[in-house]
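The sequence and structure come before the details.

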2 protein chains.
Amino acid sequence: MTRPTAVHHHADVAAHPARVADRPRSDLEIARAAPLKPIAEVATDRLGLTADDLIPYGRHKAKLDLDRVADLASAPRGRLVLVTAITPTPAGEGKTTTTVGLGDGLNAIGKRAAVCLREPSLGPCFGMKGGATGGGRAQVAPIDEINLHFTGDFHAVTSAHNLLSALLDNSLHWGNPLDIDTRRVTWKRVADMNDRALRHIVAGLGGPAQGVPREDGFDITVASEVMAILCLSTGLDDLQRRLGDIIVGRARDGRPVRARDVGADGAMACLLRDAMAPNLVQSLEHNPAFIHGGPFANIAHGCNSVLATRTASALADVTVTEAGFGADLGAEKFLHIKCRQSGLRPDAAVLVATVRALKMHGGVGKDALGIPDPQAVRAGGANLARHVGNMQRFGLPLVVALNRFSGDTEAEVAAVRALCDTAGVPLVVADHWASGGGGAVALAEAVDALTQEPTPEPRFLYEESLPLAEKIEAVATGLYGAAGVVIEPKVLRQLQEFEALGYGRLPVCIAKTQYSFSADPSAKGAPDGHMLPVREVRLAAGAGFVVAVCGDIMTMPGLPRQPAALRMHLNTAGHVDGF
Amino acid sequence: MTRPTAVHHHADVAAHPARVADRPRSDLEIARAAPLKPIAEVATDRLGLTADDLIPYGRHKAKLDLDRVADLASAPRGRLVLVTAITPTPAGEGKTTTTVGLGDGLNAIGKRAAVCLREPSLGPCFGMKGGATGGGRAQVAPIDEINLHFTGDFHAVTSAHNLLSALLDNSLHWGNPLDIDTRRVTWKRVADMNDRALRHIVAGLGGPAQGVPREDGFDITVASEVMAILCLSTGLDDLQRRLGDIIVGRARDGRPVRARDVGADGAMACLLRDAMAPNLVQSLEHNPAFIHGGPFANIAHGCNSVLATRTASALADVTVTEAGFGADLGAEKFLHIKCRQSGLRPDAAVLVATVRALKMHGGVGKDALGIPDPQAVRAGGANLARHVGNMQRFGLPLVVALNRFSGDTEAEVAAVRALCDTAGVPLVVADHWASGGGGAVALAEAVDALTQEPTPEPRFLYEESLPLAEKIEAVATGLYGAAGVVIEPKVLRQLQEFEALGYGRLPVCIAKTQYSFSADPSAKGAPDGHMLPVREVRLAAGAGFVVAVCGDIMTMPGLPRQPAALRMHLNTAGHVDGF
């Protein structure tokens, strides 16, 4: 997991490498060619907002006024659709692309629909090629602005996180009044950058005037608990309270030391105030897209913010949102963490698959994806079937969206259809990448039909009262096909300690590879009977979950040998190019 | 210089601690009570801009469209006034406050005037109390937004700087094709934070997958060469070229390794694109204020951006701008670096002084500043006289502005007047802190009178062709009252090496304490006969100057025992408080 491809951890949206031949233009070229409307016009026409509700950030981005957001908290909500996917492969599934395409498709059939996406991180943007703004005709724009800085939310998270770090080290420097054990500081620093050299550092070197030497390290900003808090907070007061609850380490007597003890919570909340306001942009078809927050889907819950989803649901008849990675990680956390904490309830789910990804799950190598192989599709179908079963276990009405690539053969598509028939779930072939919302009309109609019933109460896999270790086991055996979990005695003691501290009712957030149902990224398809190894547990007391690290998980990616950054430049017109 | 007061390095605007008793409300309260106009209205009414020229960032901040900025490059320019100050003391001089007050005063007497300020850094904001938005009735607003994140420019600088760091370490990791000597990497990382624990670190620890171990460290963002480049670049092409010119270290054969060699220049320019556009806000009296860029005034040149000053000069009849610290550092660099590189030429200068600061230069301690002491004012006047002489040496028409505090006695003010009479320079007592632009009408009239003549060509203290060591000596003996400079042979060899590399024509940027004409911060008044010790030299090949570090200079401040951050919080209305 230390290979450069680790950046895929965040880049769910693959670059469709094999589709280069049959597409005339890059995503950037397509997006640039599409004229955008003033964002206030989109907000007024499609969401019924007024100009006063918006705080403009440039010409095509806006934040929603937080007072308006607060007013909408108790408004009646439209339907909510979760887009999730089969287990990711390097072939690419196109979950963000499908989310945007479905939003445009719903608008095309006359529904007032909005999409809710996560903000892209600068790290993968400069690492492997790939922003997080969709692709082809199903994109949100302006893509260079969204991918670079956007409205500054991630920088605010970085600043707030590192202010806590600085105040913590400052407390150590000035006599350590909290009696913090420097060997048990768990709060690292963050940077919105793929920078492996910062993973493990020794800081505070240089003598008594330069602080207290100790081991430290940087995670990427999307792995920060502050990011998870920003995305789960229901308002500014909740934000400030959660920030104070963050546990940064232990005192020498073992007592947890919180951000509140360090005195950092208020200033952190000030830094995050504007970042709490949801961001509004538009799709290439001028439909509203909320893009807000972007926590990792392994070490955190991988969903856009509660405030954005709640606000969109109050303004639109249908809100389409996505969760990170495959349904085993993203949808599970969407339900057990985001929905359980916020009260949001999805009306239906869309499971995105591609013929190419199913072939990879069926054993086909990346170089052979161009060769028609319905048999491999059938073999890889085990992965699809497992995810379908999982979503049905949650009690969610489901449709499978086959994100069509032009090289897909009729026989391959038929193989997917047969798989879905067997699994008892409708399949819709969607062509939004090539055709925009018009290519997703059938998908939109299927989703619309699926959400006519009253919102079902999701069937969670575990009660809040279940011991933490058993919650991990419930997810592993219930969704991953695992025979059980392996928790070392030391880790088990930590879980018991969390329970003793009063955190036993928290949900678990399992950090495992996104490339497999198991902790082994090479185990494609639908492995079963494996044991899930719980290597480490971490308490995210502010965000409100317990992270279970299973296998090798990278929280600071590295850059590949030839990073995407090397191709980027300003062209003679002063525009971002090579993106 | 490792004491927490090091944060004063950037916080030129002191908090007027002794004035607390006689002012009814805090700066934040005064600013919040003032209704602001929509920024587009200020831009239209006061600068003749159209809405299309603006890119809004929130309701009261905007960036100017870069195409419009480029169009204005060749437009006729109005008059340019530099505000500088005597040597700073903890008593506070109020240079930013005077700049804002003078701008309002000029508008009050019917001139179309704009001010150009530097952007505040988050570091001092959370360290010692003190933003950088003026004070009393002479402020720019909204102050919480300007002091926290603003339009994201500093975050863009941080990202661009650290992307270069990450790409450099990535090159080391992937076989070191540039043969970089890890012991001779001079490019550190940056954070916009006072964080002493990051001054000296060892990075790249953890084994072969985690990069290459080496010594490293963080500077504060305002000390980044990228910040200096942003502020000196005349356009996007110049920006991208300068970024490529940055020297990050040496190869094992001694050859300089540049950002261009690492392939970082293009992506850095993309990250900085929007940050290049000048920011527009308003004073409490609704007059235009450009706030753009904020390089340190020791390790860099300490002025707001060339683009902002040039743009303001093209739009306003009079542009008032400030330079960092006292005139020995700020005004000298404004002239030798900013003006010489850009072709900008000031028409006059304002030297800001306070009775309180003069008393400190005359030997009065901070606790005794409330006691009337005209004799101490006269003694401290040596500092004022030195600065007056220096500015006259540059050939600049000059007025001294006495920034009035309510505790100043008639006898003390008379002492300052006598000093100015002797020095042959007009004195104006200004009361903008208490009265806004109305309190600066006399100052505005004096400045207006002073700038009626054609713009004088400044008399630079050295020719570009002078050897670098002699340039340092010219500044030290010409402005600081030094008898000479002490340059160790090793440092002298480095200067000769810079000359051999073709950088001999660059100006020098002297990094010394701002608290004295000498390198000893305790030597107040006007010390002379001292030798300036040149401890270290650094080549800023992209920014275009050679830094001479004289004495102890802190490029990453620390937080004090009780940082201002501890008081900050969101109040029940969701507003930033304790600021």
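Buried area is the accessible area (1.4 Å probe) that two parts lose on being put together, summed over both. Between chain B and chain A about 5,800 Å² is buried, and carbon and sulfur atoms give 64% of that area. The model is predicted, so local features need pLDDT of at least 70 and side-chain atom pairs count only at pLDDT 80 or more, while totals for chains, interfaces and linings use all residues. Residues are numbered from 1 along each chain as its sequence is written, chains are lettered from A and ligands numbered from 1 in the order in which they are written, and side-chain values use heavy atoms, with hydrogens and water left out.

**Chain B against chain A**

Contact here means heavy atoms within 4.5 Å. By that rule 69 residues of chain B touch 69 residues of chain A. A polar contact is a pair of N or O atoms within 3.5 Å; within protein, one must be able to donate a hydrogen and the other to accept it, and residues adjacent in sequence count only if both atoms are side-chain atoms. There are 33 residue pairs in polar contact between chain B and chain A (both at pLDDT 80 or more). Helices (H or I, at least four residues) and strands (E, at least two) are DSSP runs, numbered from the N terminus. Among the elements of chain B that each supply at least two residues of the side touching chain A are helix 7 (153–173), helix 9 (236–245) and helix 11 (265–272). Helix 7 of chain B gives the largest share of that side, 10 residues.

**Salt bridges**

A salt bridge is a side-chain nitrogen of Lys or Arg within 4 Å of a carboxyl oxygen of Asp or Glu. The count over all chains is 62 salt bridges, and 4 salt bridges cross the interface of chain B and chain A. Asp169(A), Arg189(A), Arg214(A), Asp216(A) and Asp195(B) are linked in a network of salt bridges. Individual pairs are listed below.

| Salt bridge | N to O distance |
|---|---|
| Asp65(B) and Arg59(A) | 3.1 Å |
| Glu497(A) and Arg250(A) | 2.7 Å |
| Arg260(B) and Asp245(B) | 2.9 Å |
| Glu412(B) and Lys359(B) | 2.7 Å |

Glu412(B) lies in helix 16 (residues 410–423) of chain B and Lys359(B) in helix 14 (residues 355–361) of chain B, so this pair ties together parts 53 residues apart in sequence. Buried means under 20% relative accessible area, exposed over 50%, and partly exposed in between (1.4 Å probe, protein chains only). Both Glu412(B) and Lys359(B) are buried. Arg260(B) is partly exposed at 38% relative accessibility, whereas Asp245(B) is buried, with a relative accessible area of 17%.

**Domains 2 and 3 of chain A**

Domain bounds come from an automatic or database domain assignment. In chain A, domain 2 covers 153–274 and domain 3 covers 472–550. The contact between domain 2 and domain 3 of chain A takes 11 residues from each. About 770 Å² is buried between these two domains of chain A. Glu225(A), Ile247(A) and Arg250(A) lose the most area on the domain 2 side, together 47% of what that side buries. The rule finds 1 salt bridge across this interface. Arg250(A) counts as buried at 10% relative accessibility, and Glu497(A) counts as partly exposed at 28%.

**Helix 8 of chain B**

Helix 8 (residues 225–232) of chain B is largely enclosed by the rest of the structure, because 8 of its 8 residues are buried. Ser224(B) caps the N-terminal end of helix 8 of chain B, with a side-chain oxygen 2.9 Å from the backbone nitrogen of Val226(B).
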